[in-house]
Amino acid sequence: MDASRTSDQPYTLLPEDPSVATPPVESRQRRPIRGFIGILASVMFLLSLVGLIVNENPKSPSRMVIPENNLEDPSNVRPRGEMEGVSAKSYPSVRDRLSYNWTKSEFAWQRTAYHFQPEKNWMNDPDGPLFHMGWYHLFYQYNPDSAVWGNITWGHTISRDLIHWLYLPLAMVPDHWYDINGVWTGSATTLPNGTIVMLYTGDTNDAVQVQNLAYPANLSDPLLLDWVKYSDNPVITPPTGIETDEFRDPTTAWAGPNGTWHILIGSRLNTTIGIALVYETTDFKTYNLLDHPLHTVNGTGMWECVDFYPISTNSTNGLDTSVTGPGIKHVLKASLDNLKLDYYAIGTYNAENVTWTPDDQEMDVGIGLQVDYGRYYASKTFYDQNKGRRILWGWINETDTEYDDLAKGWASVQTIPRVVTYDNKTRTNILQWPVEEIESLRLNCTEFEDVALEPGSLVPLDIGMATQLDISAEFEIQSDSLEAMLGETPTELECSVANNRTSLGPFGLAVLADESLSELTPIYFRIVKTANGSLMTLFCTDESRSSKATEVFRRLYGTVVPVLHGEKFTMRILVDHSIVESFAQGGRRVITSRVYPTEAIYGNAKLFLFNNATDLNVTATLKIWEMNSAFIHPFPFNEM
């Protein structure tokens with residue numbers, strides 16, 4: 001359909017006297033259609049070779065009172081968790097006060113409507129996801145006593161569809177010498193006979209990281225309520241040469257020859273070399289350390305939350321973790337403790353000698369691709385035998401302060417589960433896409449077709465409240481604009497802020513914006529000419545003006561995204577209150593944002609299209625669904 005004319009004025013974010021003169025674009029609405037020395041020697045050899053509900057109204061302003069807490073001296077800015085031998089679990093910029101004079105209403109708005117989070121308190125890594133007797137199970141790192149990290153237990157929740165969740169009692173608590181300082185991250189393995197084994201890291205009474213075994217007390221219980229810790233735990237202790245506080249997070253096991261199974265545990269060597277140690281077992285009670293690691297990368301530091309799984313190169317179906325053979329690649333992923341980022345690489349697994357080689361040494365783990373380029377960490381996959389797919393979970397940490405979290409009573413969210421497949425077009429990356437079940441929450445659909453965005457355009461989209469959305473957007477540009485760009489001076493390959501105008505960008509969407517644009521979170525493409533004369537596309541999220549709370553952590557995130565010949569520029573955005581998950585080009589790149597607006601909340605949250613290029617005409621087509629809230633509540637035991 002024809003679009004309304006856009007503003008002739010240059011698009012400048014946060015003008016001194018903001019006004020939006022352009023009328024909203026007309027739309028059509030419809031209902032949707034429903035021994036260790038050997039390891040060290042081999043490492044050195046390798047190194048030498050490779051050098052809330054949608055219509056909720058705000059409550060009356062009521063300022064927060066900080067509850068009693070055990071926060072450290074604010075002069076000590078070392079993040080919580082590091083002293084205990086794990087990755088940082090807090091943002092230490094401001095420790096002695098709230099980041100902003102928040103109201104109860106503002107805190108209430110920040111809580112998500114369709115992302116999983118506990119009723120209250122702290123949560124971090126996803127643990128041991130699995131499917132059993134009709135239920136999806138998710139365990140997670142949880143502090144039952146506070147909204148800050150500590151006293152880590154395993155929370156437990158179940159779902160029929162990965163969207164609506166029921167809270168269950170705690171699965172495991174720190175109650176033995178081998179995990180008294182925390183039941184830390186672990187993984188589940190479902191054996192061919194249906195037996196489930198859970199391996200997890202325990203922090204001992206001497207602050208040594210060890211690996212422990214647990215299993216369901218009653219495998220016939222679909223809820224898996226009760227778990228038994230193996231009487232001879234720990235089953236694995238740190239080997240000689242490995243720091244006792246840098247040895248954690250066992251993976252799901254995969255089958256080897258002659259009834260053997262293998263797992264990986266993350267660690268480091270000489271403080272700088274990231275390493276995935278390989279252990280072999282036949283009974284999950286006794287383990288042998290192989291004399292070589294699966295893989296190492298110098299300069300990447302401690303590897304934690306390692307993941308290793310196969311993907312098909314000729315099918316979109318997921319694969320059980322033990323599958324090998326022709327037409328299969330293997331993904332190795334590590335969470336880099338030094339950077340607090342998740343990196344992965346695609347490569348070839350040799351089952352005979354239990355080694356893995358990246359397809360591209362320059363895109364190895366920790367130096368190449370990230371799983372997510374935003375606020376995202378400690379991801380873990382599992383094979384969903386129910387629907388034949390591989391599902392990815394990830395932790396979204398807060399970027400406010402511990403005082404904020406204590407005041408609101410909770411911290412952290414899990415991403416929407418994503419399906420992982422191989423990108424057959426680029427053959428260099430995985431694709432991540434929200435599970436199809438999320439579409440069951442879609443309500444009214446508003447469509448905008450062929451919206452003309454001239455240089456400097458800013459277009460408000462009339463969709464009502466823009467707090468819970470699923471947005472699908474396509475952008476087309478004129479080919480002659482690209483050809484003209486080839487003669488221009490190269491620019492830096494970086495995501496500058498959204499109001500930095502260039503010939504070919506940025507263009508995209510501004511979510512969680514108030515009407516005056518005093519707050520907004522732009523998600524956009526920017527095309528740049530590189531030093532070698534080629535054009536590349538950046539996919540970016542600019543949080544710099546997402547909130548008037550100046551002491552929350554606000555970042556500019558971005559990455560190069562492949563846009564192949566003949567492809568349109570596409571993005572999908574899930575907006576859920578303070579969480580924004582953005583997927584570019586069918587999931588080749590993903591950016592997750594944690595934002596804390598003070599004005600663009602409830603009915604004041606708006607959505608805008610923009611083209612801030614100086615010489616580029618863009619045409620945009622969108623489908624925007626209002627999203628319902630998920631049902632996330634305690635399990636109704638009293639109704640059984």
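The model is a predicted one.

Rolling a probe the size of a water molecule over the atoms shows where empty space is left. In this model, the largest cavity holds about 80 Å³ of space. Its lining consists of Val86, Lys89, Asn124, Asp125, Gln141, Trp149, Trp184, Thr185, Arg248, Asp249, Glu304 and Cys305. Two or more of these residues come from each of strand 2 (121-132), strand 6 (183-190) and strand 16 (303-312). Sorted by class, the lining has five charged, four nonpolar and three polar residues. Among the lining residues is Cys305, which is buried because its relative accessible area is 3%, under the limit of 20%.

Cysteines also lead to the next feature. A disulfide is a covalent bond between the sulfur atoms of two cysteines. The structure holds one disulfide, formed by Cys495 and Cys540, whose sulfur atoms lie 1.8 Å apart. Cys495 sits in the loop between helix 4 (479-485) and strand 30 (507-513), while Cys540 belongs to strand 32 (residues 535-542); the pair thus links distant parts of the chain, 45 residues apart. The torsion about the S-S bond is about -70 degrees, and the disulfide of Cys495 and Cys540 is therefore left-handed. Both of these cysteines are buried. Cys445 is likewise buried, with a relative accessible area of 0%.

Charged side chains form a further set of contacts. Side chains of opposite charge can pair when their charged atoms come close. The count of salt bridges in this model comes to 29. In one of them, Lys329 meets Asp359 at 3.1 Å, N to O. Asp359 counts as partly exposed, at 42% relative accessibility.

Another salt bridge joins Arg389 and Glu437, with the closest N and O atoms 2.6 Å apart. This pair too links distant parts of the chain, 48 residues apart: Arg389 is in strand 22 (residues 389-396), and Glu437 is in the loop between strand 26 (430-434) and strand 27 (442-453). Arg389 is buried at 7% relative accessibility, and Glu437 is buried at 10%.

Lys408 and Asp400 also form a salt bridge, their closest N and O atoms being 3.1 Å apart. Lys408 is buried, with a relative accessible area of 12%, and Asp400 is buried at 2%. Elsewhere, salt bridges with shared partners join Glu243, Glu246, Arg248, Arg268, Glu304, Asp337 and Lys340 into one network.

How values were computed. Residues are numbered from 1 along each chain as its sequence is written. This is a predicted model: local features need pLDDT of at least 70, side-chain atom pairs count only at pLDDT 80 or more; totals for chains, interfaces and linings use all residues. Side-chain values use heavy atoms; hydrogens and water are left out. On a 1 Å grid over the protein atoms alone, a cavity is a set of points where a 1.4 Å probe fits but cannot get out, and a pocket is an open set with protein on both sides within 12 Å along at least five of seven lines; lining residues have an atom within 4 Å of a point. Grid points are joined across faces, edges and corners, and a volume is the space filled by probe spheres set on the points. Helices (H or I, at least four residues) and strands (E, at least two) are DSSP runs, numbered from the N terminus. Ala, Val, Leu, Ile, Met, Phe, Trp, Tyr, Cys and Pro count as nonpolar, Asp, Glu, Lys and Arg as charged, and the others, Gly among them, as polar. A disulfide is a pair of cysteine sulfur atoms within 2.5 Å. Buried means under 20% relative accessible area, exposed over 50%, partly exposed in between (1.4 Å probe, protein chains only). A salt bridge is a side-chain nitrogen of Lys or Arg within 4 Å of a carboxyl oxygen of Asp or Glu.
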